[in-house]
Amino acid sequence: MAAATAFTSSSALRPGLAPLRRWRALSCPAPLAAYSTSSSPRRAASDEATIISGTRLAQQVLKEVQRDVELWISFGNKRPHLTVILVGDNPASHIYVRNKIRAATAVDHIEERAVCNAIAPEKDVDGFHIMNIGRLCLDQPSVIPATAAAVWEIIKRTGIQTFGKNVVVAGRSKNVGMPISMLLHTDGEHERPGGDATVTITHRYTPKEQLKIHTQLADIVIVAAGIPKLITADMVKEGAAVIDVGINHIHDPLTGKTKLVGDVDFEEVKKKAAFITPVPGGVGPMTVAMLLKNTLIVAKKLIY
């Protein structure tokens with residue numbers, strides 16, 4: 001289920017002088033050379049992966065957004081606002097919305113796809129509107145769904161190479177798996193630059209043995225399937241980057257309490273991977289940060 005979010009403001013906002021150029025500067029990747037890594041990114045002094053702190057990266061993004069918002073306001077524009085509409089009862093959506101509220105807004109309950117398309121596309125900061133999804137698929141400037149944008153930003157800021165690399169995206173949801181795949185496989189020279197990777201999309205009907213064949217060949221594994229420990233150490237090649245988007249509540253037999261885990265067997269996979277994101281503290285914080293970055297992009301009317 002989705003948690004649709006819209007930009008709201010009580011006044012018209014000035015569109016700026018060069019919206020496309022400014023949008024690319026604010027939201028698109030820098031040249032790949034700027035994020036290059038060595039052929040073997042694993043640190044020689046460690047046998048385990050570099051754990052990517054989504055919390056730390058999110059703080060960087062939020063500082064940048066705060067700086068740009070204050071500059072925007074200094075020119076006489078209204079402060080951007082968010083309105084959140086929570087649809088359905090998906091625990092992952094509740095966590096996401098709770099974090100949004102901490103960062104920004106108010107919550108109402110209504111019904112899903114109609115709500116996403118009822119939001120004006122130029123105010124759709126989640127990127128769920130059919131027009132924004134269409135623009136994303138056509139490699140045009142668009143509001144990128146926040147989770148996909150979070151994964152893309154983590155890859156860029158961490159220095160993980162995508163050009164010519166093999167990527168597996170486990171999960172085909174229209175709000176997460178599909179937009180992540182679009183960002184990673186599309187042309188880096190297009191209006192909305194992509195990652196120039198070779199992307200394989202798997203899903204719940206992909207047999208586990210076939211999934212393993214794909215992931216063992218992947219330089220980057222992105223998991224958004226909602227299945228705890230779907231990706232185990234034997235499925236990951238040495239030195240791969242593993243991005244865990246999963247949010248699962250499981251019973252911890254040691255404590256008797258419920259705990260939050262991802263889709264990756266973190267403790268075992270980190271022994272083989274070069275980079276890995278934890279759950280919690282990985283993609284989640286970056287998703288909220290990218291939502292607020294989307295809000296600034298929409299407020300400045302850099303796309304429409």
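Reader: What makes the contact of arginine 157 and glutamate 64 a salt bridge?

Author: A salt bridge requires a side-chain nitrogen of Lys or Arg within 4 Å of a carboxyl oxygen of Asp or Glu. In this predicted model, where local features need pLDDT of at least 70, side-chain atom pairs count only at pLDDT 80 or more, and totals for chains, interfaces and linings use all residues, the N to O distance between arginine 157 and glutamate 64 is 2.7 Å, so the pair meets the criterion. Side-chain values use heavy atoms, without hydrogens and water, and residues are numbered from 1 along each chain as its sequence is written. The whole structure contains 13 salt bridges.

Reader: Which parts does the pair of arginine 157 and glutamate 64 tie together?

Author: Arginine 157 lies in helix α6 and glutamate 64 in helix α2 (residues 54-74), so the pair links parts 93 residues apart in sequence. Helices (H or I, at least four residues) and strands (E, at least two) are DSSP runs, numbered from the N terminus.

Reader: Why is the contact of α6 with α7 classed by nonpolar residues?

Author: Contact means heavy atoms within 4.5 Å. Ala148, Ala149, Val151, Trp152 and Ile155 in α6 meet Pro179, Ile180, Leu183 and Leu184 in α7. Ala, Val, Leu, Ile, Met, Phe, Trp, Tyr, Cys and Pro count as nonpolar, Asp, Glu, Lys and Arg as charged, and the others, Gly among them, as polar; the contact therefore has nine nonpolar, no polar and no charged residues.
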